Amino acid sequence: MKFIDEYRDPEVAATIIAEIHKTVTRPWVIMEICGGQTHAIVRNGIDQVLPKEIELVHGPGCPVCVTPLELIDKAIAIARMPDIIFTSFGDMLRVPGSEKDLFIAKSEGADVRIVYSPLEAVKIARENPEKQVVFFAVGFETTAPGNAMAVLQADREHLDNFSILASHVLVPPAINAILSSPENRVQGFLAAGHVCAVMGWEEYEPLAQKYKVPMVPTGFEPIDILEGILMVTKMLEAGTYEVQNQYKRIVHRQGNPAAQKAMFTVFEIIDRTWRGIGEIPASGLQVKDNFATFDAEKKFEVSGINTKESEKCLSGRILQGLIKPGQCPVFGNDCTPEHPLGATMVSSEGACAAYYSYQRTR
């Protein structure tokens, strides 16, 4: 297939759906890791046409959702400092911190600007030498190479007024944490296609064998997702546990070595706290010491932060596939996109936002 319409063809979809129905003989729980896949599933009603034996649950693959509360509060504190231009993707502005969000900080006078790439933040730093420019660098293996390139570019230009507030997380340790939990229900995974485009899929093979769980790097169009579900289901029914690649037009076994090189030139692996989930060993990236000039956490002293998460928000359990958004008592009443209690309701990749947008209550 060459064109986008072919990945949305109703006749092709119907054929795959019929094959899934013929394949399934017993209940299975399958998790899609990525929030983009969650939205595609709900938007296209994919979960509504599957056999009742297949339950789709939604994983922690929304970068905005898992950015720790402490870093949101730290971002707001830095943005409110004098002579700071704080830059971020738009999604981050309405993510609630302990007391407020970046949008409120902006309304109170902080110079908070939405950018569409980290290099745009570098450009702002170049054009405003009298200001310190900070970019909120969040995301998975997908955005880390681009943010690393921004640091390398700033380093080449000797821009000492540019830095990043890094909050990068890695997918395989999160999968390991989910599967090792005594509460785990997940039996198969649709791995995030864009993450695998950068990292490949070799690192998923030990996890598939250790936990006897099939995994399929999957794309984001309806035909991609249906094929991914069919591939996982066939392995589950056959009792085989390996990694098979649905997203062959993008994902290669070794991933993108150039992107990986840029990422690990600037970042090193650390333990990282995931919002709503807790600390996961070796699941994050921080700026290496030789690039400390560009590390906002080291550049700006922020103290006195006392994080306070909403006691009503159950987003952590949603992100682990333990419950669905409609099972949260505050979903759609105390928690809405206009008044979110957690990041999963406000992020464009959040599971709660998907269910709310498409009026899915279960």
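This is a predicted model: local features need pLDDT of at least 70, side-chain atom pairs count only at pLDDT 80 or more; totals for chains, interfaces and linings use all residues.
**View 1. Strand β1 and its cover.** Let's start with β1, which spans residues 28–34. Seven of its seven residues are buried, so this strand counts as mostly covered, given that buried means under 20% relative accessible area. As a reminder for anyone looking at the side chains here, in a regular strand they alternate between the two faces of the sheet.

**View 2. β1 alongside β2.** Strand β2 covers residues 54–61 and pairs with β1 in the parallel sense. Six bridges hold up that pairing. For a handy landmark, pick out Ile30, which sits opposite Leu56 of β2.

**View 3. β1 alongside β7.** Another parallel partner of β1 is strand β7, residues 188–192. Here the two strands are joined by three bridges. Glu32 is the residue to look for, as it faces Leu190 in β7.

**View 4. Cysteines without a disulfide.** How many disulfides does the model have? The count is zero, with the cut-off for a sulfur pair being within 2.5 Å. Take Cys313: its nearest cysteine sulfur belongs to Cys335 and lies 6.1 Å away, so Cys313 is in no disulfide under that 2.5 Å cut-off. Cys313 is also buried, at a relative accessible area of 17%. Cys328 is likewise in no disulfide, and the nearest cysteine sulfur to it, that of Cys313, is 6.4 Å off. Is Cys328 buried or exposed? Its relative accessibility is 8%, so Cys328 goes down as buried.

Notes. Residues are numbered from 1 along each chain as its sequence is written. Side-chain values use heavy atoms; hydrogens and water are left out. Buried means under 20% relative accessible area, exposed over 50%, partly exposed in between (1.4 Å probe, protein chains only). Helices (H or I, at least four residues) and strands (E, at least two) are DSSP runs, numbered from the N terminus. Two strands pair if DSSP finds at least two bridges between them.
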